[in-house]
Structures are given as structure tokens and as C-alpha cells.
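Here are some notes for a first look at this model. Please keep the structure open while reading.

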Amino acid sequence: MTNESGRQQKVRTALRGISGVHVTAWKSDGEADWALTGEIVARIAEAGIHNIVSAGNTGEFYPMTTEEVVRSHAVAAEAAAGKSLVTAGIGRSLREAVSTGRLAARAGCDAVMVHHPLDPFAAPQSQADYFLAIAEALEIPLVAYVRSDAIGVKDLARVANHPNVAGVKFASSNMMLLADCVRETQGSSANWICGLAEGWAAPFYALGARGFTSGLINVAPERSLAIWRALEAGDYDAARREVDAIAGFEKLRTKYGNGANVTVVKEALGLLGTNVGPVRLPGLPELNASERAELRAIVSSWGSRRAAAE
């Protein structure tokens with residue numbers, strides 16, 4: 001467990017900004033295109049995104065092999081070049097998560113993000129223990145990625161208050177549970193982050209969370225930053241206007257039970273001239289013609305803001 005309070009604080013501060021999850025580019029033969037993936041990470045860092053998450057869900061963590069996950073972390077750490085913090089997505093078995101986390105630290109990553117355990121027989125309190133066991137085993141700050149309402153407030157507070165847990169990425173729309181968690185940990189070091197991207201950031205902020213995750217940053221980081229700045233300034237009207245502009249994009253990502261989530265991001269990149277390949281199964285490999293036309297219209301409507309940012 002780390003005693004490096006300076007490093008821990010640096011990660012905590014970055015988490016209160018935008019945690020952008022980069023895509024992983026695939027070649028035509030299905031193998032990873034690490035050079036292009038690195039270019040995408042470099043662009044995100046150059047845009048000013050505070051924290052870059054490698055091998056997150058937008059990066060297709062579950063369809064990747066362990067070796068690919070480890071390589072993704074190293075590529076991202078190098079490509080960010082210190083302009084953004086880099087958080088390494090880890091998970092699966094407890095031993096694999098610890099091993100991968102240690103390798104991420106050696107590769108130069110600043111923190112790890114532990115994916116929510118997906119075992120169908122996982123006990124709620126044991127899911128909390130899973131996060132805590134990894135936090136105890138690693139010397140690098142940890143972000144707990146919570147995607148379930150099953151874990152109770154007391155157990156979530158145990159995770160959030162651990163000295164090596166830099167933040168909890170709360171990815172549930174259960175606002176009552178979030179409110180209870182914020183109340184339970186009031187006055188402590190707990191750091192609650194919106195794990196449901198830009199569209200949910202405003203209600204999360206209203207309840208005491210800070211910062212949010214994003215896949216949009218692969219395509220239009222300037223729009224994510226505009227939302228973050230508005231929320232940081234307490235300007236909810238401006239934040240709503242900015243969210244309205246991306247609502248069609250985010251709604252398209254939710255199709256097929258969120259199966260199109262990464263697909264929309266990747267195809268938007270393709271429309272902007274960066275071909276990153278299809279999504280690996282079990283994600284949706286590609287959009288149909290109607291969906292692609294809808295996406296093209298959305299991306300085209302962003303032209304003026306993109307041009308101004310560039």
C-alpha cells in the first residue's frame with residue numbers, strides 16, 4: 001500500500017477532472033495497431049484531458065488478451081508523455097489484477113482502475129473486498145470502478161475510505177445510493193466520480209461528486225472540456241446546453257443494450273479520418289447504414305466547435 005501522499009493527491013486531483021478512456025485501434029488482420037493507438041492517446045493528452053484511462057471499457061478491456069492489456073498500458077504511458085496522467089485498467093481474477101497492476105506501475109502509469117468484478121456468483125460484500133485486496137497489494141493509487149447497485153453503502157464507504165483508493169468511479173444511475181454514499185463519507189477523504197460520462201455529470205455534481213469519465217474525448221475533447229468547465233463554474237445552464245449538443249451521439253451509443261457504445265466512437269473517428277478498425281466481439285462490430293448516416297449528421301453538426309478548437 002502506498003504512502004506517497006503527493007502521488008495520491010495528484011491522482012485525486014486529476015480524477016476530479018475528465019477521465020478519458022481511449023479506444024484501441026485494430027489492424028485489418030485483427031491485431032492491435034499500437035502505433036495508431038499511441039497517436040490517439042497523444043492527441044487526447046495534447047487536448048488537455050486530465051486523466052487518460054488505458055484498457056477501459058471504451059478501450060475494449062474484456063475482448064483483449066492479458067498481454068494486449070499490458071501493452072496498452074505501456075503504449076499509453078509513453079504516448080501521454082507526462083501531459084496527462086495515465087490510469088491502467090485492470091481486473092478479472094484477483095491474482096491477474098495485482099500482477100497487471102504491478103506491470104502498469106513499472107510501465108509508468110500513475111494509477112490503476114479496477115474493473116467491477118463480473119463473476120455471477122460474487123457476494124456484494126466480497127466485491128468490496130476484491131477492490132480492497134487489490135488496493136492493499138499495490139503501491140500505486142487505485143480507482144474502484146463500481147457498476148452495480150448490489151454493494152451496500154457501508155461496503156462502498158469501506159472502499160472509498162481506504163488510503164490507497166484515490167477515487168470511486170460510480171457508474172450507476174441510482175442517485176439515492178450515490179447520495180447515501182456521499183453522506184456516509186462526508187468529512188473523509190472519499191472521492192466520488194461520475195462514471196456515466198457527460199450526460200450524467202450534472203446530477204452527480206449536484207450530489208457532491210466531481211469529475212466524470214468520457215469516451216467522447218476520442219472524437220471531440222473540446223466538448224467534454226466545455227462541459228467540465230461549466231460544471232466547475234457552477235453554471236448548470238451552460239452545462240445543459242453543452243450536453244444537449246452531444247445528446248444524439250451519446251444516445252446512439254446506448255443502442256443494443258450499450259452494445260454500440262464503442263462502435264459509435266470508433267466509427268466517428270473513421271468519419272473524421274482516423275480508421276481504427278471494427279469493435280471486437282461481443283461488442284457490435286459496426287453500425288448499419290441508417291445508424292451511420294445519423295452519426296455522420298451529428299459529427300458534421302460539430303464542425304464549427306471543432307474548427308475553433310483546432
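1. A crossover counts as right-handed if, with the strands pointing away from the viewer, the path from the first strand over the helix to the second runs clockwise. Helices (H or I, at least four residues) and strands (E, at least two) are DSSP runs, numbered from the N terminus. E2, helix H3 (residues 66-80) and E3 form a right-handed β-α-β unit. E3, helix H4 (residues 94-106) and E4 form a right-handed β-α-β unit too.

2. The model is predicted: local features need pLDDT of at least 70, side-chain atom pairs count only at pLDDT 80 or more, and totals for chains, interfaces and linings use all residues. Residues are numbered from 1 along each chain as its sequence is written, and side-chain values use heavy atoms, leaving out hydrogens and water.

3. Strands pair if DSSP finds at least two bridges between them. Strand E2 (residues 51-54) runs parallel to E3, joined by 4 bridges. Val53 has Thr87 as its bridge partner in E3. E3 also pairs with strand E4 (residues 111-114), parallel, over 4 bridges. There, Ile90 stands opposite Val114.

4. Is E3 buried or exposed? In strand E3 (residues 85-90), 6 of 6 residues are buried (under 20% relative accessible area; exposed is over 50%, partly exposed in between; 1.4 Å probe, protein chains only). Leu85, Thr87 and Gly89 point one way, while Val86, Ala88 and Ile90 point the other.

5. Helix H12 (residues 261-271) has 8 of its 11 residues buried. Among them are Val262, Lys266 and Glu267. Just after H12, Gly273 has a positive phi of about 105°.

6. Arg16 lies in the loop between helix H1 (5-15) and strand E1 (18-21). Arg16 is partly exposed, at 40% relative accessible area.
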